[in-house]
Amino acid sequence: MKIVYRGGVDSEGRPVMVVVGAHFLLRCLDLERFVLHVVKEFEPIIQKPYTIVYFHSAASLQMQPDLGWMKRLQQILGRKHQRNLHAIYVLHPTIGLKMAVFALQLLVDNAVWKKVVYVDRLLQLFRYVPREQLTIPDFVFQHDLEVNGGKGLIVDPRTKYVYHRP
């Protein structure tokens, strides 16, 4: 379902895990099975510093897991996850997501959730993770253009290459 997959590396050479929020369809997803899949995907890279990129673009239209489930996922991943996680870059965060992360900081564990960096536009994300290191779904580009009005950039729909406007 392409919810979680490995990206390239960030600007410092750390491996990147990509999470696509809009692909997280709770209605047709077994959460326990998903947790096992995430552990399998994360295990090879959490042995050293790594980064997570979370595309929240259009995810507010889908049902999302509750705080208890997010807490369980964090507990399963354990201390290695917390120690080696450099940052979680969240593209197109909503107020609801920011409130959920704030609650996680207060109620669950500040060590992981304080590493969240909110990014409002793709060009900002590319400062942290170069464009060529990410496989970005088409709807994320579209969402970025709708939300930000294409200010300062042009996206080639064929190659998905981002150009700065003159």
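Me: Where is the place of H56?

Reply: H56 sits in the loop between β3 (50–55) and α2 (67–84). Helices (H or I, at least four residues) and strands (E, at least two) are DSSP runs, numbered from the N terminus. This is a predicted model: local features need pLDDT of at least 70, side-chain atom pairs count only at pLDDT 80 or more, and totals for chains, interfaces and linings use all residues. Residues are numbered from 1 along each chain as its sequence is written, and side-chain values use heavy atoms, with hydrogens and water left out.

Me: Is H56 buried or exposed?

Reply: Start with the cut-offs. Buried means under 20% relative accessible area, exposed over 50%, partly exposed in between (1.4 Å probe, protein chains only). H56 has a relative accessible area of 2%, so H56 is buried.

Me: Which side chain does the side chain of H56 join in a polar contact?

Reply: A polar contact is a pair of N or O atoms within 3.5 Å. Within protein, one must be able to donate a hydrogen and the other to accept it, and residues adjacent in sequence count only if both atoms are side-chain atoms. Here the partner is T94, at 3.4 Å.

Me: How many helices and strands are there in the protein?

Reply: Six helices and seven strands. From the N terminus on, the order is β-β-α-β-α-β-α-α-β-α-α-β-β.

Me: How do β1 and β2 run, and how many bridges join them?

Reply: Two strands pair if DSSP finds at least two bridges between them. Strand β1 (residues 4–9) and strand β2 (residues 15–20) run antiparallel, joined by four bridges. V4 has V19 in β2 as its bridge partner. The two strands form a hairpin with five residues between them. In the turn, G13 has a positive phi of about 90°.

Me: Which side chains meet in a salt bridge?

Reply: The rule asks for a side-chain nitrogen of Lys or Arg within 4 Å of a carboxyl oxygen of Asp or Glu. That gives a count of one salt bridge. R14 and D10 form it, at 2.8 Å, N to O. R14 counts as buried, because its relative accessibility is 16%. D10 is buried too, with a relative accessible area of 3%.

Me: What does H86 touch, not counting residues up to four places away in sequence?

Reply: Contact means heavy atoms within 4.5 Å. H86 touches D10, R14, Y50, T51 and K115 on that basis. The side chains of H86 and R14 also make a polar contact of 3.0 Å. H86 is found in strand β4 (residues 85–91). Its relative accessible area is 37%, so H86 is partly exposed. V116 lies 30 residues from H86 along the chain, with 9.3 Å between their C-alpha atoms.

Me: Which residues of helix α6 are buried?

Reply: First the general idea. An α-helix has 3.6 residues a turn, so residues three or four places apart point the same way. In α6 (residues 138–148), the buried residues are V140, F141, H143, D144 and N148. They cover an arc of only 160° around the axis, so they lie on the same side of α6. The arc is that of the directions from the helix axis to the C-beta atoms. The face turned away from the buried side carries the exposed residues D138 and E146. G149 follows α6 and has a positive phi, near 65°.

Me: What share of the residues of the protein count as buried?

Reply: Of its 166 residues, 49%.
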